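Here is a note to read beside the model. Take the points in order and find each residue as you go.

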Amino acid sequence: MKKLTIALFAALICLSATAQEHPLDYLETVYKDENVTFRKMDDHTWVGSGNMMSSETMYIVEGKKKAVLIDAGTVIPGLDKIVAQITKKPVTLILTHVHPDHAGAAGCFDEVWLNPSDTVMVPMFMPEYKDTIKYLEHGQV
């Protein structure tokens, strides 16, 4: 009986969690599929929410000539093409760190920028990434 009660309680928690609204639902949705949703924050900034893990967040920030994508979520096939639908400017991927919920879709991009201190983590968390890795420098704009 105790196991059944625990199982029912866990199921109720899961159901209530999925029934809640996303905290960013008040923003205009500009792209949505089964893997990711992007919402417009202002004319030059979008926030992406991956659907595999909670708090799997990405940002697209446009400058005058280029845009950056900050983080790449977990499993988001074609993330480069999704981002290209949102901004027409050339996009540079910058990773805050290389954990799988931030670097999972990095393989969609030919070039990744990250902090040099993450070098030791690349083989562990991005073993299949074979393209260009560049390192951010202090004060780089």
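1. **Overall burial.** Of the 141 residues of the protein chain, 33% count as buried. Buried means under 20% relative accessible area, exposed means over 50%, and partly exposed lies in between, with a 1.4 Å probe and protein chains only. The accessible surface of the chain comes to about 9,200 Å², and 60% of that belongs to carbon and sulfur atoms. These areas come from the Shrake-Rupley method with a 1.4 Å probe; for residues, only the protein chains shown count as cover.

2. **How to read the model.** This is a predicted model: local features need pLDDT of at least 70, side-chain atom pairs count only at pLDDT 80 or more, and totals for chains, interfaces and linings use all residues. Residues are numbered from 1 along each chain as its sequence is written, and side-chain values use heavy atoms, leaving out hydrogens and water.

3. **Elements.** The chain has four helices and eight strands. From the N terminus on, they run α-β-β-β-β-β-α-β-α-β-α-β. Both kinds are DSSP runs, numbered from the N terminus: helices are H or I with at least four residues, strands are E with at least two.

4. **The sheet.** In what order do the eight strands stand? They form an open sheet, β1-β2-β3-β4-β5-β6-β7-β8, with mixed pairing. The edge strands are β1 (28-32) and β8 (132-135), and each pairs on one side only. The twist averages 25° from one strand to the next. Two strands pair if DSSP finds at least two bridges between them. Strands of a sheet pair through backbone hydrogen bonds, either parallel or antiparallel.

5. **Strand β4 and its partners.** Five bridges join β3 (residues 45-50) to β4, and these two run antiparallel. Here S49 stands opposite T57. On to β5 (residues 67-70): four bridges join β4 to β5, again antiparallel. V61 stands opposite V68 in this pair. β4 and β5 form a hairpin, with four residues between them.

6. **Two faces of β4.** Which side chains of β4 are buried? M58, I60 and E62 are buried and point to one face.

7. **β1, β2 and the helix.** Four bridges join β1 to β2, and the two run antiparallel. Y31 has F38 in β2 as its bridge partner. Helix α2 packs on the sheet and touches β1, β2, β3, β4, β5 and β6 (91-94); its direction makes about 30° with that of β2. Axes are lines fitted to C-alpha atoms, for helices over the stretch in contact, and angles run from 0 to 180 degrees between N-to-C directions.

8. **The core.** The largest nonpolar core has 26 residues. Such a core is a set of buried Ala, Val, Leu, Ile, Met, Phe, Trp, Tyr and Cys residues joined through side-chain atoms within 4.5 Å. Among those with the most contacts inside it are F38, L69 and L79. β2 (36-42), β4 (57-62), α2 (79-86) and β7 (111-114) each give two or more residues. α2 gives the most, with four. Beyond its neighbours within four places in sequence, L79 is in contact (heavy atoms within 4.5 Å) with F38, M58, L69, A72, A105, C108 and F109.

9. Most residues other than glycine have a negative phi. D71 has a positive phi of about 75°, although it is not a glycine. D71 lies in the loop between β5 and α2. D71 is buried, with a relative accessible area of 4%.
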